[in-house]
Amino acid sequence: MKKAGIIRCQKTEAMCPATSCLKVAREGKGLFKDVGPVELVGFLSCGGCSGKEILSRVLKMIERGAEVIALSSCIVGNKPGGKYYPCPFLPQIKEMLEREVGDKITIIYGTH
């Protein structure tokens, strides 16, 4: 079983208990289907708009054994039914993650 961390949108914390993200990670479903069930080593927010804390938080989760990092569906905007809108900073976040840690870990864009 791989170890994983999830980064979510800070703005959604007040309205979403992360039930679906946690379930698909535990069961290896949704966008975790290619990775399988994972053991979570962290579940953190992006740190607020512009996602300025994502890299430092991802690096901390890698220190704690994460082999997979998932940006949650609320960041990526790929929830079935189109309920979420993607983070306006997503292109910069993706580029930064691919550049800085893409060769060290698997990055999943979305959770459920």
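Ala 18 is placed in the loop between β1 (2–8) and α1 (19–27); helices (H or I, at least four residues) and strands (E, at least two) are DSSP runs, numbered from the N terminus. The model is predicted: local features need pLDDT of at least 70, side-chain atom pairs count only at pLDDT 80 or more, and totals for chains, interfaces and linings use all residues. Residues are numbered from 1 along each chain as its sequence is written, and side-chain values use heavy atoms, with hydrogens and water left out.

**Positive phi**

- Ala 18 has phi near 70°, a positive value in a residue other than glycine.
- Ala 18 counts as buried, at 3% relative accessibility (buried means under 20% relative accessible area, exposed over 50%, partly exposed in between; 1.4 Å probe, protein chains only).
- Ser 50, in the loop between β2 (38–45) and α2, is also not glycine and has a positive phi, near 95°.
- Ser 50 has 34% relative accessibility and counts as partly exposed.

**Helix α4**

- The 12 residues of α4 (residues 90–101) reach 16 Å from first C-alpha to last, close to the expected 16 Å (1.5 Å times one less than the number of residues).
- Buried in α4 are Leu 90, Ile 93, Met 96, Leu 97 and Val 101.
- These buried residues fall within an arc of 130° seen down the axis of α4, so they line one face of the helix (the arc is that of the directions from the helix axis to the C-beta atoms).
- An α-helix has 3.6 residues a turn, so residues three or four places apart point the same way.
- The buried residues of α4 pack against α2 (54–63), β3 (68–71), α3 (73–76) and β4 (106–109), contact meaning heavy atoms within 4.5 Å.
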